[in-house]
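Here's a quick briefing for anyone meeting this structure for the first time. Have a look, then read on.

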Amino acid sequence: MFSFEKCKIKDCHSFAIKETGVCYHHSRNKDEVIIDLLKRKDEEKSIKNVCLVNAEFENIDFSDTFIGFSNFAFSSFRNCNFNFARLNSNFFDFAVFDNCTFKDTEQRYNVYSGAMIIDTDFSGSNLILSSFMAIDCYRAKFDNTDLYFSNFSLSKLINTSFEDSNLKRTSFRSALLRSVSFRYSNPEEAFFTGQVR
């Protein structure tokens, strides 16, 4: 898991990057931090125990990479490819995903709560026990996806599809649903109490 050590800058309550002792916000060279992370990704096909809050990633290929035990809260991902990646126990809360692909990913215990997800495709993935609570989601695809015990409560889901997906024990409680398709899925095994259509 990423370090829970606080940034050494006075009155900063963010978590520090292990190697530097300061958080990403207080890093002297943010570009160098990202370059180092991507270099390790390319060499090891793995990103682990990283804390990069409010970072920006654009046109990055994370495909076939293991990403685990890391914190990317409030970060933005634009035109990024996560296809065939494995994601385990990460925090993406309040992040932005714009025009990204997560096709055929294996995901467990990830937190996307409060994120904004736009034109992003999760098709063919396993998204087990993940939290999408209170997301704003526009034109996304969760088709042919296993969402067992995942949570979309309090979310805005607009022009989004969950076609031919496993929705067993998936929660859509108090979600706003507009032009959402559950065709060929099993919505009778999901929870929809209080949702808005």
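Accessible areas here come from the Shrake-Rupley method with a 1.4 Å probe, and for residues only the protein chains shown count as cover. On that basis the protein has an accessible surface of about 9700 Å², with 48% of it belonging to carbon and sulfur atoms. This is a predicted model, where local features need pLDDT of at least 70, side-chain atom pairs count only at pLDDT 80 or more, and totals for chains, interfaces and linings use all residues. Residues are numbered from 1 along each chain as its sequence is written, and side-chain values use heavy atoms, leaving out hydrogens and water.

**Fold and shape**
- The protein has one helix and twelve strands (DSSP runs numbered from the N terminus: H or I of at least four residues for helices, E of at least two for strands).
- Its C-alpha atoms fill a box of roughly 50 × 35 × 25 Å along the principal axes.

**Burial and contacts**
- Take the contacts (heavy atoms within 4.5 Å) with a separation of 6 or more: residues 24 or more positions apart account for 5% of them.

**Cysteines**
- Counting pairs of cysteine sulfur atoms within 2.5 Å as disulfides, the total is zero.
- The closest cysteine sulfur to that of Cys7 is in Cys23, 3.9 Å away, which is too far for a bond.
- Cys100 is in no disulfide either, with the nearest cysteine sulfur, that of Cys80, 4.8 Å away.
- Cys7 is buried at 6% relative accessibility, and Cys100 is buried at 1%.

Key: Buried < 20%, exposed > 50% of the residue type's maximum accessible area, 1.4 Å probe, protein only.
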